[in-house]
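Hi there,

Here is the structure I promised to pass on.

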Amino acid sequence: MIQLQNIQFGYVLRKNIFNDVTLTMEPGHIYGLLGKNGAGKTTLLKIMSGLRFPTQGEVTILGKNASLREAEVLQDLYFLQEEMYVPHLTIENFEKAFAPFYPNFNHEQFIKSLHEFEMDGLNQYMDKFSHGQKKKALIAFALATNTRILIMDEPTNGLDIPSKSTFRKLMAAAADETRLVIISTHQVRDLHSLIDMVSILDRGRMVLNASTDEIIEKLLFDVDDMKSADGQVFYTEETARGKYQVKENVNHVVSNLDLELLFNAAMANQQAIINLFQ
């Protein structure tokens, strides 16, 4: 559904942000795009959406060249950017203005999602909202578009703890086998129970792009080395609860995926992680 082939990208007078990035994302999954601040997550999402153009390589969305931004593609793609712009419109008029661009928009779903977020005032002007209220209104709208591709950049920034829980609940309900969802974040714990595909970006390259099932098959998330003494150790962290490790799962032990430990392991031992998942 989204394919990046040998992508290079850089801004004028700066070295390339991406060099030879190849990535395929398929429907039926929720991808978590993880990376440090400044790793290039937002730029990569804009390239996927046709808002930035690679200097080399090819990007296709739904089989079409992303840079052409054809109407057939745009009506089936919604990109919720972190830098939110909301016009001086009420929620009701915002829906009237923008919903017609999306043939599968569902008004009842929009209202239900707003209600879940405790946003019931349709006659309130959106530009008067707090940052968190704007984010909730736009998330509700994004879900209601029912586009086959939904891209969200740092959607949980600005949400309080109850709203983050509501976000995960709504996202889980909206996902199905026909839809591709990509959520970028540097707050990995916000996505722990939601995603089934993990993509880790750092220094202009994809360190990891794998399903959660494949990750727990190949990696062991261990405490105090109790489960297995075998396997290469990729990351160790001392905590008040003991020593946490991420190691190669040579004995095929089932453990619980910890996204934060996985991310730290990928940052600390990149090439070894890349080699393991090739």
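Which backbone nitrogen does a side-chain oxygen of aspartate 258 reach at the start of H8? The nitrogen belongs to glutamate 260, and the oxygen comes to within 3.0 Å of it. I count a polar contact as a pair of N or O atoms within 3.5 Å, where within protein one must be able to donate a hydrogen and the other to accept it, and residues adjacent in sequence count only if both atoms are side-chain atoms.

Before the rest, a word on the source. This is a predicted model, in which local features need pLDDT of at least 70 and side-chain atom pairs count only at pLDDT 80 or more, while totals for chains, interfaces and linings use all residues. Residues are numbered from 1 along each chain as its sequence is written, and side-chain values use heavy atoms, with hydrogens and water left out.

The overall picture

The protein has nine helices and 13 strands (DSSP runs numbered from the N terminus, with at least four residues of H or I for a helix and at least two of E for a strand). Of the 278 residues, 49% are buried (under 20% relative accessible area, with a 1.4 Å probe and protein chains only).

Helix H8 spans residues 259-268, and seven of its ten residues are buried. Among them are Leu259, Leu261, Leu262 and Phe263.

Strand E13 (residues 242-248) is mostly covered too, with five of its seven residues buried. Five bridges join E13 to strand E11 (residues 219-223), and the two run antiparallel; strands pair here if DSSP finds at least two bridges between them. Valine 223 has tyrosine 244 in E13 as its bridge partner. E13 also pairs with E12 (residues 233-239) in the antiparallel sense, over six bridges, and threonine 236 stands opposite glutamine 245. Two residues separate E12 and E13 in their hairpin.

The pockets

Some of these names come back in the second largest pocket, whose volume is about 270 Å³. A pocket is an open set of points on a 1 Å grid over the protein atoms alone, where a 1.4 Å probe fits, with protein on both sides within 12 Å along at least five of seven lines; lining residues have an atom within 4 Å of a point. The volume is the space filled by probe spheres set on the points, which are joined across faces, edges and corners. Of its 14 lining residues, Val223, Arg241, Tyr244, Asp258 and Leu261 lie nearest the centre. E11, E12 and H8 each give two or more residues to this lining. By class, the lining has five nonpolar, two polar and seven charged residues (Ala, Val, Leu, Ile, Met, Phe, Trp, Tyr, Cys and Pro are nonpolar, Asp, Glu, Lys and Arg charged, and the others, Gly among them, polar).

The largest pocket holds about 590 Å³ of space. Tyr78, Phe79, Gln81, Phe98 and Tyr102 are the closest to its centre among 21 lining residues. Strand E6 gives the largest share of that lining, four residues. The lining divides into 16 nonpolar, three polar and two charged residues.

Happy browsing!

Methods
Buried means under 20% relative accessible area, exposed over 50%, partly exposed in between (1.4 Å probe, protein chains only).
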